[in-house]
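Please view the structure first, then read on.

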Amino acid sequence: MAWVLKMDEVIESGLVHDFDASLSGIGQELGAGAYSMSDVLALPIFKQEDSSLPLDDETKHPPFQYVMCAATSPAVKLHDETLTYLNQGQSYEIRMLDNRKMGDVPEITGKLVKSIIRVVFHDRRLQYTEHQQLEGWKWNRPGDRLLDLDIPMSVGIIDTRTNPSQLNAVEFLWDPAKRTSAFIQVHCISTEFTPRKHGGEKGVPFRIQVDTFKQNENGEYTDHLHSASCQIKVFKPKGADRKQKTDREKMEKRAAHEKEKYQPSYDTTVLTECSPWPDTPTAYVNNSPSAAPTFTSPPPSACSVPDSNSSSPNHQGDGIPQASSEQLQPSATIQETQQWLLKNRFSSYTRLFSNFLGADLLKLTKEDLVQICGAADGIRLYNALKSRSVRPRLTLYVCREQPAPQGQQPAAGGGDSSSATPFVYHAIYLEEMVASEVARKLALVFNIPFHQINQVYRQGPTGIHILVSDQMVQNFQDESCFLFSTVKAENGGGVHIILK
């Protein structure tokens, strides 16, 4: 009986040894280092028998990956999003990587894609007032941009574009099959958007977001492919390095069990997938290198050539009135209202007023528009709806002198004594009291190439020619009348204008 019990113990110990040996293979397969439970569950002994079920990594495999070459902060808890510190104005590389598997998104193989990089607010509260925040920043930093591309350092990017109305965005085309790196510079700092409080300021976090699009059937890059972003804070030059060092020293002073609650600092920042930015993407009209990319927003009105009877977009002359085409009519349809908003540089509010007729928009009071659009754009939209224009500083009436038969002199203001042909004067409105503005407005009204005008003279006593200077323009009387003629320059290059 004792012998039987002893044999049972031997058999039992052997079975336990075999079971332990079978489990020891799990650790050996995964290596000596740490392993995750997801790796263990992926082993054949734990796989589901039904292999037809799709795996998560197959259904959610992103086509691209964006990696910013900047270290993440070590003072971020395990389950929080990474945070990266950047120096103001310093160039940082974002690597654009093709992450597609075989057969993924075949329609872009051998073709270009378009990416838009933005710096936006991380806090939801600031996202709602983004336009007002950026307008305030623009007011304090005229001529600056929040985000720029360092084009000389960038690799593989084509047709870079920066829209003057979008100071926080840059866009470009690139080939996923080639090495591509975009170097960005962020010029705003986090403390510029924090309210001044007692006891110092705490900078707000931003986000760097990349949205990538492919061409649609019309050749426009509007079909969304992928979006990813990361959280950043921007400091004055060298400030990010000091902050990174401070965070690292704080973590070194923590106890070992406290350090386990925080993420390690990585040398690079991988942008994580997110929803596309809600703005309507701008469109490149085709991928031909010779074709210039075009934005959906209209060009500034100052670049358009005014009517031949007017020299100012705000004031009309004797010809066809333009107020009817520029002013929003109560009978305007939804589509016409949208076009009016675009034409008058309110493209960021087209979605907000997407269901408004002209009459609906005209019924809004100044207080309503300020509340909806913020103080700066609300007042601007109100003035545009009411056709409030800036009054010119000086108005001049000019007429081009026509060759008259010998012995006859033109009668200023009407016609000569022997002809019924009237002398038609055109109004010139000056917003700046400088001589160059006179030359520019004369060139626009009378279709004279501006670059061909050498000098503008005023005919003085005994027929002498006096150079028109800024000081002379400032002493012109309002609503003065002039006849003018053109004479070829002595060297044959261009013309002189003589005011009489």
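Buried means under 20% relative accessible area, exposed means over 50%, and partly exposed lies in between. The model discussed here is predicted.

R141 has a relative accessibility of 18%, so this residue counts as buried. The side chains of E192 and R141 meet in a salt bridge, with N and O 2.8 Å apart. This pair joins distant parts of the chain, 51 residues apart. E192 sits in the loop between β8 (180-186) and β9 (206-215), while R141 sits in the loop between α5 (130-140) and β5 (147-149). A network of salt bridges links R141, D144 and E192.

Side chains of opposite charge can pair when their charged atoms come close. The model has 15 salt bridges in total, and three of them are listed here.

| Salt bridge | N to O distance |
|---|---|
| E192 and R141 | 2.8 Å |
| R440 and E437 | 3.1 Å |
| R95 and E93 | 3.4 Å |

Where do R440 and E437 lie? Both are in helix α13 (residues 435-445), three residues apart, which means that about one helical turn separates them. R440 is partly exposed at 35% relative accessible area, whereas E437 is buried at 5%.

Is E93 buried or exposed? E93 is buried, with 12% relative accessibility. R95, its partner in the salt bridge, is partly exposed at 37%.

Key:
Residues are numbered from 1 along each chain as its sequence is written. This is a predicted model: local features need pLDDT of at least 70, side-chain atom pairs count only at pLDDT 80 or more; totals for chains, interfaces and linings use all residues. Side-chain values use heavy atoms; hydrogens and water are left out. A salt bridge is a side-chain nitrogen of Lys or Arg within 4 Å of a carboxyl oxygen of Asp or Glu. Buried means under 20% relative accessible area, exposed over 50%, partly exposed in between (1.4 Å probe, protein chains only). Helices (H or I, at least four residues) and strands (E, at least two) are DSSP runs, numbered from the N terminus.
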